[in-house]
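Welcome! Try each one with the structure open before reading on.

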Amino acid sequence: MNTLFESPEVVHNIPEDTARLTVLDENITGIVAQIVLALKNDQVVLVRGVTQKNADDMMFNVAQNFGLDHKLEVEAGFASVKGHRENVGKYFMTVNKRDDYHFIPAHCEGSSRMRMQLASFYAVENTTDGGSSILLNINDASPEWSIQRELVKKCKLGNKKLSQYETMKLKMMHGIELPADLLTDADVIISNDVSPVDGVSLFNVLEQLRKVHSVILDRDCYAYWDTVASYDFDSGTGYFDLLRNCDLLKIPDGVNDFTALDNAYARRVWKSGTHYPSLFKSKLTQQLMAGDLVFMNNLSWAHSTSNWNPGSGRRKVLAAFA
Ligand SMILES: [Fe+2]
């Protein structure tokens, strides 16, 4: 069991690089073109003093520039269907619920199957004594990516010939694409799952992480998908060490087990052995203020949030993805 005080981890800070942040004024002419240009240079963009209505409009226009407007609409639609987020305005939605003192470890939204390209966050209010957004720029050249695994669903058909309806059922209910998601010898089975189709076995497996094409950068990249980061114990430990090294951790009285603070702990299933700081080139730490609107490439930047003392203030940050 990891405890707060016994970790012998040497301090490995990920450098803060404020040169990677482009701050823009909402009222400048051609703001959308400037956001698009900055994103193409793999910058994080912060626009200050934006109304919620304008945040929606700006997100749509930026997404449209990359041909992602339809994806933006689909993701906003899915939020309410799945029920874990609520739509606020047109495209923005509430972020996932967290318990008191929870931090959200670094991840890129979604999975390699969902391929969300663009992420945006909008702060309605943030008056807590923590709740910093820490954005981490992925170091694509790191050898650490070769040991990353993604938790995905795969199936085994045996002699079964699937009808078009059954194929569609597997795709709609579990995101399974055939034949790509047939179980292979290289997959590590974590658990069996309930199959919606008779004669088909369904599994939760760890598969080798693959690069995904970034529409914004026009190249293939590794992304630290939620389906990678949230299933690896070492991702939680690595992020905890980062917060502690940066003095951004709030520790409740009487708690000596950091796993109680890790929002993704219950999902973790394996230890990759990753040297966490090697996954990232640099980071940007921002305590978002009311009206702040942030854009970033969801593949090349992972997002995370530090924790805060409950009752120290209120934090409402919305998210949109395309
Ligand atoms: Fe997220």
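**Exercise 1.** How many bridges join β9 to β10, and in which sense do the two strands run?

*Solution.* Keep in mind that this is a predicted model.
- Step 1: Find β9 at residues 188–193 and β10 at residues 201–208.
- Step 2: Follow the pairing: β9 and β10 run antiparallel and are joined by five bridges. For a landmark, look at Ser191, which stands opposite Asn204 in β10.
- Step 3: Now turn to β8, residues 149–156, which pairs with β10 over eight bridges, again in the antiparallel sense. Here Glu150 stands opposite Glu207 in β10.
- Step 4: Check how covered β10 is: six of its eight residues are buried. Buried means under 20% relative accessible area.

**Exercise 2.** Work out the strand order of the open sheet of four strands, and say which strands are at its edges.

*Solution.* 
- Step 1: Reading across the sheet, the order is β5-β15-β7-β13, and the pairing is antiparallel.
- Step 2: The edges are β5 (104–107) and β13 (280–286), each of which pairs on one side only.
- Step 3: Neighbouring strands of this sheet are turned against each other by 15° on average, direction ignored.
- Step 4: Zoom in on β7, residues 133–138, joined to β13 by six bridges. In this pair, Ile138 stands opposite Phe280 in β13.

**Exercise 3.** Explore the loop between α6 and β13 through two of its residues, Asp247 and Leu248.

*Solution.* 
- Step 1: Start with the backbone of Asp247, where phi is near 60°, a positive value in a residue other than glycine.
- Step 2: Asp247 has a relative accessible area of 71%, so it counts as exposed.
- Step 3: Leu248 has 21% relative accessibility and is therefore partly exposed. The cut-off for buried is under 20%, so Leu248 does not count as buried.
- Step 4: List the contacts of Leu248, leaving aside neighbours within four places in sequence: Ser132, Ile134, Leu243, Thr285, Ser306 and Asn307.
- Step 5: For a sense of distance, Leu248 and Ala320 are 25 Å apart in space, C-alpha to C-alpha, and 72 residues apart in sequence.

**Exercise 4.** Look at the backbone of Arg115 and at the peptide bond between Leu178 and Pro179, and describe each.

*Solution.* 
- Step 1: Arg115 is in the loop between β5 and β6 (118–126). Its phi is near 55°, which is positive in a residue other than glycine.
- Step 2: Arg115 counts as partly exposed because its relative accessibility is 44%.
- Step 3: Move to the loop between α4 (164–174) and β9, where Pro179 is placed. The peptide bond joining Leu178 and Pro179 is cis, with omega about 10°.

**Exercise 5.** Describe the second largest pocket: what is its volume, and what lines it?

*Solution.* 
- Step 1: Recall the idea: rolling a probe the size of a water molecule over the atoms shows where empty space is left.
- Step 2: The space in this pocket comes to about 460 Å³.
- Step 3: Its lining has 23 residues; Val95, Asn96, Arg98, Trp308 and Arg315 lie nearest the centre.
- Step 4: Strand β16 (residues 315–321) gives the largest share of the lining, four residues.
- Step 5: Sorted by class, the lining holds six nonpolar, seven polar and 10 charged residues.

Methods. Residues are numbered from 1 along each chain as its sequence is written. This is a predicted model: local features need pLDDT of at least 70, side-chain atom pairs count only at pLDDT 80 or more; totals for chains, interfaces and linings use all residues. Side-chain values use heavy atoms; hydrogens and water are left out. Two strands pair if DSSP finds at least two bridges between them. Axes are lines fitted to C-alpha atoms, for helices over the stretch in contact, and angles run from 0 to 180 degrees between N-to-C directions. Buried means under 20% relative accessible area, exposed over 50%, partly exposed in between (1.4 Å probe, protein chains only). On a 1 Å grid over the protein atoms alone, a cavity is a set of points where a 1.4 Å probe fits but cannot get out, and a pocket is an open set with protein on both sides within 12 Å along at least five of seven lines; lining residues have an atom within 4 Å of a point. Grid points are joined across faces, edges and corners, and a volume is the space filled by probe spheres set on the points. Ala, Val, Leu, Ile, Met, Phe, Trp, Tyr, Cys and Pro count as nonpolar, Asp, Glu, Lys and Arg as charged, and the others, Gly among them, as polar. Contact means heavy atoms within 4.5 Å.
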